[in-house]
Amino acid sequence: MKPSLVILTGAGVSAESGLGTFRDKGGIWEKFDWRELATPEGFREHPDRVHEFYNARRRNLLGARPNAAHAALAALETRWTAAGGGFLLVTQNIDDLHEQAGSKRVAHMHGELLKRRCAACGDVRPCREDLSIALACETCGREGALRPHVVWFGEVPLELDAIFTALEGCTHFAAIGTSGTVWPAAGFAEAAKTAGAHTVELSLEPGENGHMFDERRYGPATAIVPEWAAGLAF
Ligand code: BJW
């Protein structure tokens with residue numbers, strides 16, 4: 001069987017680049033109400049508050065740079081694919097730090113903050129500026145329908161067909177910097193195990209699905225990810 005690696009990243013991989021995590025002490029969902037800011041119902045009721053929340057996070061992202069963990073994953077992809085291995089980096093993160101570091105095969109299952117979508121016509125475009133309810137869609141002309149291209153609770157994550165195809169054929173699976181709380185991502189380790197893959201968790205501490213992993217390494221991503229990637233034999 002051809003070696004095939006699937007990596008799932010979460011907020012912990014970008015924490016040392018200055019982007020907040022969600023469920024750690026002092027995390028985003030301790031300061032903000034996810035029901036109000038990360039659900040379609042919240043956006044319908046208070047679109048201005050949702051725009052304010054994502055506008056602030058977009059401005060913060062525009063000043064952020066990838067760290068040693070992002071760089072190690074990009075180098076691992078180059079090495080692994082050059083040797084003929086299958087590779088997919090699935091990220092729950094809406095930042096672009098994997099791409100900034102040079103990663104190519106990236107599936108953004110929870111969307112991308114530097115894109116916006118028209119809720120009326122579905123048009124998706126790059127977006128580096130603040131959004132507001134006063135803006136009109138350049139494609140359909142509808143006012144007030146532009147939203148961040150992100151996946152909120154109750155919405156279906158993106159690229160699931162490609163992700164599950166990769167999981168079904170993988171020989172190695174790593175979950176990095178994710179609490180294993182949010183589904184369907186929390187079930188990927190089990191899907192990889194069912195496929196016969198060796199599974200590893202790399203994070204600050206065990207996630208909710210920590211028992212699913214064959215191997216566990218705990219510490220800051222910038223320390224443990226380069227070390228793990230360098231030691232991974234094809
Ligand atoms: C470090 C570190 C360092 C820190 N170094 N490590 C009841 C039971 C089961 C499921 C459900 C349920 N009720 C509802 C659901 C479904 C729901 C869900 O899972 N809810 C749970 C909370 C219970 N899921 C959904 O609604 C999803 N859609 C769905 O299920 O559709 C149905 C469907 C599925 C499949 C097929 C067909 C239909 C959508 C989920 C959308 C999630 N959206 C968010 C916000 C939008 C994006 C944004 O604003 O950024 O996505 S929520 C938030 O959580 C964000 C993240 O991507 C996501 C995951 O968080 P993550 O990355 O794990 O971060 P943390 O903070 O939780 O963990 C960070 C970790 O890093 C920690 O472990 C730290 O220790 C570690 N760490 N510093 C290394 N320096």
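Biologist: Where does Ala 186 lie?
Modeller: In this predicted model, Ala 186 is in the loop between S7 and helix H8, which runs 188-194.

Biologist: Buried or exposed?
Modeller: Ala 186 has a relative accessible area of 5%, so it counts as buried; the cut-off for that is under 20%.

Biologist: And what does Ala 186 touch?
Modeller: Leaving out residues up to four places away in sequence, Ala 186 touches Gly 180, Thr 181 and Asn 209. Asn 209 is 23 residues from Ala 186 in sequence, yet their C-alpha atoms are 6.8 Å apart.

Biologist: Which polar atoms sit by the ligand's oxygens?
Modeller: Tyr 54 places a polar side-chain atom 2.7 Å from a ligand oxygen, and Arg 57 has one at 2.8 Å from a ligand oxygen. There's also a backbone N or O atom of Ala 221, 2.8 Å from a ligand nitrogen.

Biologist: Switching to packing: what's in the largest nonpolar core?
Modeller: That core has 21 residues, and Ile 7, Leu 76, Ile 176, Val 225 and Trp 228 have the most contacts inside it. Elements giving two or more residues include strand S1 (4-9), helix H5 (68-82) and helix H9 (221-231).

Biologist: What about a second core?
Modeller: There's a separate one of 20 residues, with Leu 167, Ala 189, Ala 192 and Phe 213 among them.

Note on methods. Residues are numbered from 1 along each chain as its sequence is written. This is a predicted model: local features need pLDDT of at least 70, side-chain atom pairs count only at pLDDT 80 or more; totals for chains, interfaces and linings use all residues. Side-chain values use heavy atoms; hydrogens and water are left out. A nonpolar core is a set of buried Ala, Val, Leu, Ile, Met, Phe, Trp, Tyr and Cys residues joined through side-chain atoms within 4.5 Å. Buried means under 20% relative accessible area, exposed over 50%, partly exposed in between (1.4 Å probe, protein chains only). Helices (H or I, at least four residues) and strands (E, at least two) are DSSP runs, numbered from the N terminus. Contact means heavy atoms within 4.5 Å. A polar contact is a pair of N or O atoms within 3.5 Å; within protein, one must be able to donate a hydrogen and the other to accept it, and residues adjacent in sequence count only if both atoms are side-chain atoms.
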